[in-house]
4 protein chains.
Amino acid sequence: MNKKKIINDPVYGFITIPTDLVFDLIEHPYFQRLRYIKQVGMTHLVYPGALHTRFHHALGAMHLMQLAVKTLCDKGQVITPQEEESVVIAILLHDIGHGPFSHALEEHIVKGIHHEDISTLLMSKLNVVFNGRLSMAIEIFNDTYPKRFLHQLVSSQLDMDRMDYLNRDSFYTGVSEGVISSERIIKMLNVVDDSIVVEEKGIYSIEKFLVARRLMYWQVYLHKTVTSGEQMLGKILQRARELSLKGRQLFSTPALNHFLQSTITKEEFVSNDLHIETFTCLDDADIMAAVKVWTRCDDTVLALLCENFIQRKLYHVDITNYLPDVTQVENLRHKAMKKYGVCYDDAKYFVFTDMISNNAYQVGNANIKILMKGGAIKDITTASDNANLEALAKTVEKYIFCYTKDLI
Amino acid sequence: MNKKKIINDPVYGFITIPTDLVFDLIEHPYFQRLRYIKQVGMTHLVYPGALHTRFHHALGAMHLMQLAVKTLCDKGQVITPQEEESVVIAILLHDIGHGPFSHALEEHIVKGIHHEDISTLLMSKLNVVFNGRLSMAIEIFNDTYPKRFLHQLVSSQLDMDRMDYLNRDSFYTGVSEGVISSERIIKMLNVVDDSIVVEEKGIYSIEKFLVARRLMYWQVYLHKTVTSGEQMLGKILQRARELSLKGRQLFSTPALNHFLQSTITKEEFVSNDLHIETFTCLDDADIMAAVKVWTRCDDTVLALLCENFIQRKLYHVDITNYLPDVTQVENLRHKAMKKYGVCYDDAKYFVFTDMISNNAYQVGNANIKILMKGGAIKDITTASDNANLEALAKTVEKYIFCYTKDLI
Amino acid sequence: MNKKKIINDPVYGFITIPTDLVFDLIEHPYFQRLRYIKQVGMTHLVYPGALHTRFHHALGAMHLMQLAVKTLCDKGQVITPQEEESVVIAILLHDIGHGPFSHALEEHIVKGIHHEDISTLLMSKLNVVFNGRLSMAIEIFNDTYPKRFLHQLVSSQLDMDRMDYLNRDSFYTGVSEGVISSERIIKMLNVVDDSIVVEEKGIYSIEKFLVARRLMYWQVYLHKTVTSGEQMLGKILQRARELSLKGRQLFSTPALNHFLQSTITKEEFVSNDLHIETFTCLDDADIMAAVKVWTRCDDTVLALLCENFIQRKLYHVDITNYLPDVTQVENLRHKAMKKYGVCYDDAKYFVFTDMISNNAYQVGNANIKILMKGGAIKDITTASDNANLEALAKTVEKYIFCYTKDLI
Amino acid sequence: MNKKKIINDPVYGFITIPTDLVFDLIEHPYFQRLRYIKQVGMTHLVYPGALHTRFHHALGAMHLMQLAVKTLCDKGQVITPQEEESVVIAILLHDIGHGPFSHALEEHIVKGIHHEDISTLLMSKLNVVFNGRLSMAIEIFNDTYPKRFLHQLVSSQLDMDRMDYLNRDSFYTGVSEGVISSERIIKMLNVVDDSIVVEEKGIYSIEKFLVARRLMYWQVYLHKTVTSGEQMLGKILQRARELSLKGRQLFSTPALNHFLQSTITKEEFVSNDLHIETFTCLDDADIMAAVKVWTRCDDTVLALLCENFIQRKLYHVDITNYLPDVTQVENLRHKAMKKYGVCYDDAKYFVFTDMISNNAYQVGNANIKILMKGGAIKDITTASDNANLEALAKTVEKYIFCYTKDLI
């Protein structure tokens, strides 16, 4: 059977599955699971269209990767068919380790293990299933493959991951201002000294890309109500674990129960297959089904949080550049103790502070390089006459102060 | 607080919430529940973008209703502000009675009760909550309000329901050929003798609308793989009920359990609040969470169906105009008995026939009326020189023959 | 210099120029002239965005041709690089013989010579310039090349010409209902027995394509006001020739003058290079510049027609299935004689009848063939259960009755 | 007759003509003339879709003005129906004084008279025709109307003029990165102290708007090839005037001739109706028709420039931040003298320097004001944490050095 299927995609029109191996990977349950994990957590509370999944994002990034490889080959770069398939697989599987609600619950299901570690782990397991045919993809993913520009296509300031998610998130939220011209940017990529560079005429597109990303952070990813919903879901999971670890039996699927009832270290997670196999059974539905049932739990804190969540009585959120006022926080906590009849520690579920940043979506110090017409390579921040580009790429950290609205 | 909120919508750009009452209805848990019920069931198995919900569809239909009211008023029709709010509420709530996966499971959760009956029931309950302010909306919905054209905007061949869903389903599947120009059709609506009519110059748009709808049926709604997925989910629920009714304890949320463990008649459903309250706790997550757990059930049939479903080993489906060959069906059933070690009756879960139609989306005999330039009213089928329009509007019934793929 | 340029196109995003020869053809003045010839004549009078040109259309059709060739090659058809370049050139140049305002004035500049004849003539001349490198393209264009399916890509019911113009005309008019999914249709093309066929799953797309085309005829191409504008422009040219042939000196560019002052037979046109060279100097500007000046001409008829045209006092147009009433026509003509002080023959410039058809955009008896899943080939009209498809593809002829509005 | 017509617009879907007076103004020949004046001059040489006209832009800006007025009224601003009609008329007519090719030839048809002066003049004449019903619109246009925020909607950093043209130019060029969310920005407008302000949550949209504008300057408006084409057209007109003023008879329409044969001061232009009436007969066609004929002129310079223009042998253009090297310029001029057999002064038609800026599209010191959530008003440059916004809004001047390509 020819497995070169074509998939309809509202964002790009059509996505082509390039090889049989890629087709089989997509069919694998590890990958199919991503169908049930929303790309942007609880964002749909504000933007009702934002229900797209990691599954769809991975396919989209795979599509752009094919465009990028074709562009670079047209410009004379040598990329062998096996390298092409491998870099396509690397991007396809880059998010396979995400758990329910993607970033929103990352710290609440398995603590201290980053989703990228789980991606690596699952790739290794798939590599066994597929008789080592993923080895090169794994090397590219881990940046141990000699042609390092291939890794940059998977993970860097201009990787196919963010080329896709910015576009896709814009599209599904309806925040049309976040749309970037991925196709145009990709057409301006080239490779110099084993590094991805952007040709000079692409400077304004890059500038627009950075501004669009910034807009998406504040308008979407770190939107107050989104933040509030995700914080509340996090607190719900935290409370459920707290109760479970104390031996309380809560309604939940067996898979979710596994992670509620014990604290698993990274070492245990990696060394015992049971953990990873159980992890691959989890998706958004496990959480949502449980949260609805927990609204009737006899633990006041858990029941109240879940009730608020389902009824969309989310936290009030203040986002500030400065540390929230301690006295105000304490006052509200005492108010919460009285109002909900809970102890001081439990009041922290209703009144708390935290930090947020646009970090989750950044790569740090890998800069964008511009290939000038004369052949020189410059950093975008010196190549452009927009003095602020450096600032745009920087991590911004803000404080949040959350509390249930009926306290005021 | 002014509740005139604006919601981003990838399909129409912005949706405005017109009044405080409408805002409060949207905030009500009955309506918020629709956030977790996919508009087109398992369609996302084929079109990964098709994850949009009844919630979003209802908002979209509400948006179009506002356009329609404005258009008719501009043309001199009298629609009072209360009528406007009521017809908007009627369309907003028209689908509030849908259960998990919309049509896909309609017959498998509560038998013999159509989702529209449940919508009526929930509207009555909301009417109590909102002190009778929904009475006119309910009259319009039930077609007992004197200005009957208002009902037609809610439910007829050209209602705002299908104006929205055709567009929205096209948009999210990426089947761009299903896109209809709702805005243009709405601008050509008028009212004659208390009936919605389309002005003559809109004939070609209506023709295109009917063809787009037909295309969506066969390309999307009744697509083989979609049909297969939804049939399998139905069989899973059927088996779960069969086991539950026999007293077998299956993992499930309490709400789902309620409907698995007993068969509720329409009379009981209507007369006992427990049923409707439990119903409003159900959404897609209850089903998906259970199905994943049931893959490990010790009932072979249920476990196998769920395993197949999760691993996307869907039924092979033949769609034909004629009755499938009985001998072939029987042969395959016997093969299934042997292969899966099940009895003849249980083999029917793996090999069966059924009928499908484009019925679910139709209204029957309410025809589209054209207002000719001379003032006469004609049926679209006589007004157009396209002899086939009548056929396009007709219900088409087909036979399906489904069986697990490993039987052949 | 590498001439593989990329051109921005609002319809498809980017258009790539595939080879140096194609680049040089585009740069040639014969082709550049198409920049100044509007694709859809006076359609912009109704749809102000419809200013796109034959130049842009030819590039778009070239883009789709590249998609089509790639699709067929992916399916195993053998198309050599030279054949690919030739079929691309054939579609690029298929309209190079169009004169000012495309179809609108086709009969009024050079009588009895179809624009396709002129295209052939210009291709021959280009073939000389480019040392015979267009020979294969010319054979494909004239359907004398052995692989006849290549000609079908250039000219047939599903050629790249109409794939582009339907989309492009929809796009620029804003009549979004005319949009067809060219990309999807192209992906479903195949070749059987040297003929282009559509794979069975494409049936609904083809049906939608035929309906979209039909909609575009009546909503755009044969729109009353468009028809009226083009008829008036035709009458202006007719009058100008009548006067010029009688020896009256009218303001005009030398090139236009050449065609106004003499009647050139097809034989003369073909045999004398002066005619074709002068023809390639003409574009929309020659006409518009002259029409504006002629508003001040001392010939009442010409001045009045031009004045009406510029001031947008277009003819009233009745479109009917039956012959207009002779008495009514005669009565109006006599009214015109009195009102404008002209003789009976001149009154015909203000009151006349004619026939229009959707013919100009059709190819006649070349049917659309469907490749059924079983391998059989069926005509679309028997493959589809839409009984009306045959009718949709048919030529429709209508009568028009035009008269200046101030006569009534 | 009800003149509330609806016009299809590819950019916004539909544009509504709000009142009979507005309809009549659109029908007036002064306004209809804008149908034949391209919005962005010779930009179509690079972006073949960019053929849209001042006519279409004016309608689009009128559409956005209606949105803006509705938004402000919804927020409680008092705008009377007459004020609404007037501000709509003011934006509709703001560009009515543009001559052929808009900015591209502004200095070459009538020297020293800005198109805005001509707009004012034509509005006054229309005001006479329409019995003073444009008086308020003229006051708003000239900023003498008491509610000064109405003028800001017509002309300021965030006026409906640039809200439309940025979008429209992006749309028709296909440079999708220039797309701005006009609708969203408009929804965030408000009025404080008789000034237009943007609500705080719109900061990122404004930032994106400024970046999009910047991108459009360099990618489109000041694109090398566009600049080259417009410079060449300017030089052609300059030469034609030079020859005409010396008494040489050149082919041209009478209207163009009027402006070639004499130099009209602003005073003469304003005081003598003949000038303005002749001006309103000019459009792009007069220029294009003449340029084609002038390719055969016996003046070497004019013939060569026109030949180059038609054959698209445009100037080579260097854009620099510094003054071009004088020696290099002089050397090339001497080369041109020899190559083309012309004197030193005439060589300047083939080798010259000039300055360009993004000025034409800016308003100078009218800043964008942000309405903070607390009620304070801040300048965008202090309200945003993007330090570079000030720079983005600044005028940038660059030097250009142009010469015919065959000189090197």
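So, how do the two copies meet? They meet through the same surface, because 100% of the interface residues of chain B are also interface residues in chain A. Contact here means that the C-beta atoms of two residues, placed from the backbone, lie within 7 Å. Please keep in mind that this is a predicted model, where local features need pLDDT of at least 70 and side-chain atom pairs count only at pLDDT 80 or more, while totals for chains, interfaces and linings use all residues. As for names, residues are numbered from 1 along each chain as its sequence is written, and chains are lettered from A and ligands numbered from 1 in the order in which they are written.

The contact takes 36 residues from chain B and 36 residues from chain A. On the chain B side, β1 (6–9), α2 (29–32), α3 (54–74), α9 (160–173) and α16 (284–294) each supply at least two residues. Helices (H or I, at least four residues) and strands (E, at least two) are DSSP runs, numbered from the N terminus. Which of these gives the most? That is α16(B), with 6 residues.

Now the symmetry. Chain B can be laid on chain A by a turn of 180° and a shift of 0.0 Å along the axis, with an RMSD of 0.0 Å. The two copies are thus related as by a two-fold rotation axis. The superposition is by least squares on the C-alpha atoms of residues with pLDDT of at least 70 in both copies. Which residue of chain B comes closest to the rotation axis? It is B:Ala285, at 2.3 Å (C-alpha).

Let's look at α3(B). Of its 21 residues, 15 are buried, meaning that 20 or more other C-beta atoms, placed from the backbone, lie within 10 Å of a residue's own; 12 or fewer is exposed, and in between is partly exposed. Just after α3(B), B:Gly76 takes a positive phi of about 100°.

Finally, how far does the predictor trust this? The complex gets an ipTM of 0.93 and a pTM of 0.87. Chain A averages a pLDDT of 91, and 95% of the residues score at least 70; pLDDT is the predictor's confidence in each residue, from 0 to 100. Within chain A, confidence is lowest in helix α21 (residues 389–393), at a mean of 65, and highest in helix α4 (residues 81–92), at 98.
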